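Me: I would like to learn how to read helix packing and sheet order from a model. Please take me through one case.

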Amino acid sequence: MSQRPSPNPSAHWLADIDSLDRDDLIERLRSLAAELDRVEGREHARAGQQVLIDDLTGLGNRRDFVRQLDTLFSQHRRNDLPVSLILLDIVQYINHHGPSAEDRVLRAFGDCLRETLRGMDMSFRIADHEFAVILPDTPVAGASAVADKLRLAAAYFLVEDAEASTRFDVSVGVDAFREEDEDADAIVQRAYQALDESRAAQADWGETAPEK
């Protein structure tokens, strides 16, 4: 049974156009312009959301991270609500598996963040192998506990083709907004300092760890 052709959505606008007087025609054109504006607005909103998403992991990207952190910093200054930041680096795990597994590792770690964090928490991929988690209404002690939870979860969140004995090796830096902070960059700098210390500690451990 053949399907009827889909009706032309503009057909009703044109069906009786010859019989319209000037005022009716102007009103109809205004309605058409308003509908086009609504469609264009939806397309712009959809495109705007895509600009803020990391294509590989589906997490927020660095632009979204900066935007959200700035917004929460403003709220922190007004309401004195705690906001914490966790930075995570999985480069050692990627190096262990090699370039061919990098995309799978990154996607799996993104899934790990989504499944482990609370709904109010926000996660982002901010560089090649660096991720960030913003924890609203969370002091630094609570963020440290979340970071430990993420490291434990990541250790068992394997890639599809990884051997069962393989673990994520994650470096972590944690900090929180402070009263003396003048902008959101302050927490990022401190968290990166903590992340660098974690990287160095893991590098030292790797050099001294016994071979299997």
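Me: Which hand does the crossing of helix 5 and helix 6 have?

Reply: Helix 5 passes helix 6 in a right-handed crossing; a crossing is right-handed if the near helix is turned clockwise from the far one by less than a right angle, and left-handed if anticlockwise. Helices (H or I, at least four residues) and strands (E, at least two) are DSSP runs, numbered from the N terminus. The model is predicted: local features need pLDDT of at least 70, side-chain atom pairs count only at pLDDT 80 or more, and totals for chains, interfaces and linings use all residues. Residues are numbered from 1 along each chain as its sequence is written, and side-chain values use heavy atoms, without hydrogens and water.

Me: At what angle do the axes of helix 5 and helix 6 cross?

Reply: Two packed helices are described by the angle and the distance between their axes. Here the axes of helix 5 and helix 6 (residues 140-155) cross at roughly 130 degrees and come within 10 Å. Axes are lines fitted to C-alpha atoms, for helices over the stretch in contact, with angles from 0 to 180 degrees between N-to-C directions.

Me: Which residues of helix 5 and helix 6 meet?

Reply: Phe 109, Cys 112, Leu 113 and Thr 116 of helix 5 meet Lys 149, Leu 150, Ala 153 and Ala 154 of helix 6 (contact: heavy atoms within 4.5 Å).

Me: In what order do the strands of the sheet lie?

Reply: Strands of a sheet pair through backbone hydrogen bonds, either parallel or antiparallel. In this open sheet, four strands lie in the order 2-3-1-4 with antiparallel pairing (at least two DSSP bridges between two strands). Strand 2 (122-125) and strand 4 (171-176) are at the edges with a single partner strand each, so one side of each has no neighbour in the sheet. Seven bridges join strand 1 (residues 83-89) to strand 3 (residues 130-136).
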